[in-house]
Amino acid sequence: MNKVYLGLGTNMGDRHLNLRNAVEFLDEYEGINIIKQSNVYETKAWGYTEQDDFLNMCVEIETEIDKYDLLKICQEVEQKLHRKRIIRWGPRTIDVDILFYNDFVSDDEELILPHPRIKQRAFVLIPLLELDEDIILEGENLRHYLKLLPRGDIEGVKEL
């Protein structure tokens with residue numbers, strides 16, 4: 001059984017409903033077992049900042065599904081919730097990212113694991129730590145990377 005952490009984000013439409021629907025869609029797939037869900041956090045937009053605030057959360061799942069097939073499932077969930085990829089880091093109804101897939105490391109064109117920007121995003125680190133305080137990335141506990149972020153980034157992540 002594979003231990004996987006997913007990151008979910010939304011800033012369009014009914015944001016709470018988008019997160020609930022994404023989790024429900026994931027849970028409907030044979031071979032995906034949702035173990036834990038973090039609380040929901042609200043954050044200012046990252047990257048492209050001329051857009052509404054985001055709601056973010058993380059989910060821990062167990063699955064026998066291969067990482068590449070799981071990526072396709074995450075993209076199917078995004079399509080079900082009408083995700084449009086128009087602007088990089090732009091507005092979206094939902095974003096479902098694979099953050100960790102066991103300890104698998106990959107940098108191929110299709111799937112980069114662990115997710116390449118975990119260390120830069122308090123809105124990912126905080127809910128991930130809520131799920132598991134012992135996650136290690138590149139030899140360091142996730143708390144290490146959280147401490148390196150500007151205080152404003154951390155304070156900008158508000159639990160709802």
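Helices (H or I, at least four residues) and strands (E, at least two) are DSSP runs, numbered from the N terminus. The model is a predicted one, in which local features need pLDDT of at least 70 and side-chain atom pairs count only at pLDDT 80 or more, while totals for chains, interfaces and linings use all residues. Residues are numbered from 1 along each chain as its sequence is written, and side-chain values use heavy atoms, with hydrogens and water left out.

Of the 160 residues, 47% count as buried. Among contacts (heavy atoms within 4.5 Å) between residues at least 6 apart in sequence, 69% join residues at least 24 apart.

Some backbone details deserve a look. Most residues other than glycine have a negative phi, and most peptide bonds are trans. The peptide bond from leucine 113 to proline 114, however, is cis, with omega near -15°, and proline 114 sits in the loop between β7 (112-113) and α3. Glutamate 138, in the loop between β8 and β9 (140-141), has a positive phi near 50° and is exposed, at 62% relative accessible area. Asparagine 102 also has a positive phi, near 50°; this residue lies in the loop between β5 (95-101) and β6 (106-107) and is partly exposed at 32% relative accessibility.

Asparagine 102 turns up again in the second largest pocket, where Phe100, Asn102, Asp103, Ile135 and Ile136 lie nearest the centre among 14 lining residues. The elements giving two or more residues to this lining are β1 (2-10) and β8 (136-137). A pocket here is an open set of points on a 1 Å grid over the protein atoms alone, where a 1.4 Å probe fits, with protein on both sides within 12 Å along at least five of seven lines; lining residues have an atom within 4 Å of a point.

Technical notes
Buried means under 20% relative accessible area, exposed over 50%, partly exposed in between (1.4 Å probe, protein chains only).
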